[in-house]
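The following note sets out, in numbered points, what may be read from the model shown below.

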Amino acid sequence: MNDSSDADVLILGGGVIGLACAHYLLAEGRSVRILEQGKVGGGASWGNCGTLTPSHAPPLAAPGMVGQALRWMLSPSAPLYIKPRWDPALMRWLLRIAGRCNAADWRRSGLAKGALLNLSRALTEDLVYGQGLDCGFEASGFHYVFRSRRALEKQQRDLGLLAELGIPAKVLDGAALAADEPALRPGLAGAIHFPGDAQLRPDRYTAELARIVREAGGVIEEGVLVGGLVRGRNGIEAVQTSEGRRSGGKVLLAMGAWSPRFGEMLGLEIPVQPGKGYSITYDRPALVPRRPLVLKERSVCVTTWDDGFRLGSTMEFSGYDDRLNATRLAALERGAAEYLAAPPGGEKREAWCGWRPMSVDDLPLLGRSPKHSNLWLATGHGMMGMGMAAGTGRLVADLMVGRAPPIDPAPYAPSRFPGRGA
């Protein structure tokens, strides 16, 4: 593709989702141009734990979650924290979430979420080996670890849904867990092992995706702010940016948690809220877990790479406040210390926070906007952006070229939200 302002597809957002969509569109012979306001892969794609987890198919909005969330809201260090403030959009979003905390909606969303995670897990491995991506990919499996036998037994209620999706799981008692994972403290209740899950280095993965996009002829512009749009007879004719006008036959919105703000320019209400997550990255200690872990009662994720060690998770709704909350970071370290034989220590490389695009039904919005003929959406992936990226890219590319995707796209269609929705 030549270095002009035009492309078949103009992609707004250079995180893992925008990059994956660009790769699959280029493979279909479409020219692409990515506009990224910061550095490629520098948003939510940067500081997450890099896990590929079909095991996370069960939605967050589960029966009983409202009561649990209300208890958590009383503590700034709990896994879920909502900063007290007047925010009508957030209140409406939370009420819609609460209305979905029932068995029927939970199962429906879980089946769709699991289908996309399964597809993406397989495609990611194909990408890594087929394209030679140097990103620390390991098909090492994943442990949910429990201190309490009661919590372990409660979590097993999800296994029926996972089995329906073909996601294998094995329950380990305390003795089996101790033998399998010497990096954990003795006396834990047990774990659920998911052998099909995997991990990678998120920063390297996005860098490698950017490399193969550029090598295939895609154009990536960094440090470009989108400030407005130009409407034409066929929808969005162009966007106005800090670097001038950019146009494309189709416009793909892949801005993650920033997508609702762009939607406002179009009079669209995209039902996504910024869910702030945190992570801390350290030099690799001497004793580390053999595979990624979620320390379930504390909702702390632990991942280890060749040269590093990361704690991550928590969910905070505080708008677009980009300040690091010391209480939230300290909760990660305290939670990890309850499970790990060698609590986090050593040199800290980075304390990080970023916004995940949290949708109402825990499913992304993928497909054409029903209100603008050439606007397409790929947003709302919540905490699963890394794990859903390849599947999203494949599905969006198939829909754009008019081919049936490998999974049913209907559950992710933006048109599922009525009124002023996307």
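Predicted model: local features only at pLDDT ≥ 70, side-chain atom pairs only at ≥ 80, totals over all residues.

1. The lining of the largest cavity divides into 11 nonpolar residues, 1 polar residue and no charged residue. Here Ala, Val, Leu, Ile, Met, Phe, Trp, Tyr, Cys and Pro count as nonpolar, Asp, Glu, Lys and Arg as charged, and the others, Gly among them, as polar. This cavity holds about 70 Å³ of space. Twelve residues are not all named here; those closest to the centre of the largest cavity are Pro285, Leu287, Phe309, Leu340 and Ala342.

2. Residues are numbered from 1 along each chain as its sequence is written, and side-chain values use heavy atoms, with hydrogens and water left out.

3. How many cavities of 30 Å³ or more does the structure hold? There are 2. On a 1 Å grid over the protein atoms alone, a cavity is a set of points where a 1.4 Å probe fits but cannot get out, and a pocket is an open set with protein on both sides within 12 Å along at least five of seven lines; lining residues have an atom within 4 Å of a point. Grid points are joined across faces, edges and corners, and a volume is the space filled by probe spheres set on the points.

4. The second largest cavity has a volume of about 40 Å³. Its lining consists of Gly174, Leu177, Ala178, Glu181, Leu184, Arg185, Pro186, Gly187 and Leu188. By class, these are 5 nonpolar, 2 polar and 2 charged residues.

5. The second largest pocket contains about 390 Å³ of space. Helix H4 (88-99), helix H10 (259-265) and strand S13 (272-283) are the elements that each give two or more residues to its lining; helices (H or I, at least four residues) and strands (E, at least two) are DSSP runs, numbered from the N terminus. H4 supplies the largest share, 4 residues. Of the 19 lining residues, Ala89, Pro260, Glu264, Val272 and Gln273 lie nearest the centre of the pocket. The lining comprises 10 nonpolar, 2 polar and 7 charged residues.

6. Strand S13 also contains Lys276. Is Lys276 buried or exposed? Lys276 has a relative accessible area of 1% and is therefore buried (buried means under 20% relative accessible area, exposed over 50%, partly exposed in between, with a 1.4 Å probe and protein chains only). A polar atom of the Lys276 side chain lies 2.8 Å from the backbone oxygen of Asp321. This is a polar contact, that is, a pair of N or O atoms within 3.5 Å; within protein, one must be able to donate a hydrogen and the other to accept it, and residues adjacent in sequence count only if both atoms are side-chain atoms.

7. Leaving aside residues up to four places away in sequence, Lys276 touches several residues, including Thr314, Glu316, Asp321, Asp322 and Trp355; contact means heavy atoms within 4.5 Å. Thr314 belongs to strand S16 (residues 308-317). Its phi is near 70°, a positive value in a residue other than glycine. At a relative accessible area of 8%, Thr314 is buried.

8. Asp362 likewise has a positive phi, near 65°, in a residue other than glycine. Asp362 is located in the loop between strand S17 (348-359) and S18, and counts as buried at 13% relative accessibility.

9. Asn374 is placed in the loop between strand S18 (365-368) and strand S19 (375-379). With a relative accessible area of 8%, Asn374 is buried. Its side chain reaches the backbone oxygen of Gly249 at 3.3 Å. Beyond residues up to four places away in sequence, Asn374 touches Asn234, Gly235, Ile236, Gly248, Gly249, Lys250 and Val251.

10. Why does the length of helix H5 (residues 103-130) agree with expectation? At 1.5 Å a residue its 28 residues should span 40 Å, and the end C-alpha atoms are 40 Å apart; the expected span is 1.5 Å times one less than the number of residues. At the start of H5, a side-chain oxygen of Asn102 comes to within 3.2 Å of the backbone nitrogen of Ala104. Gly132, with a positive phi near 65°, follows H5.

11. Gly110 is part of helix H5 and counts as buried at 0% relative accessibility. Residues up to four places away in sequence excluded, Gly110 touches Ala57, Pro59, Leu161 and Leu165.
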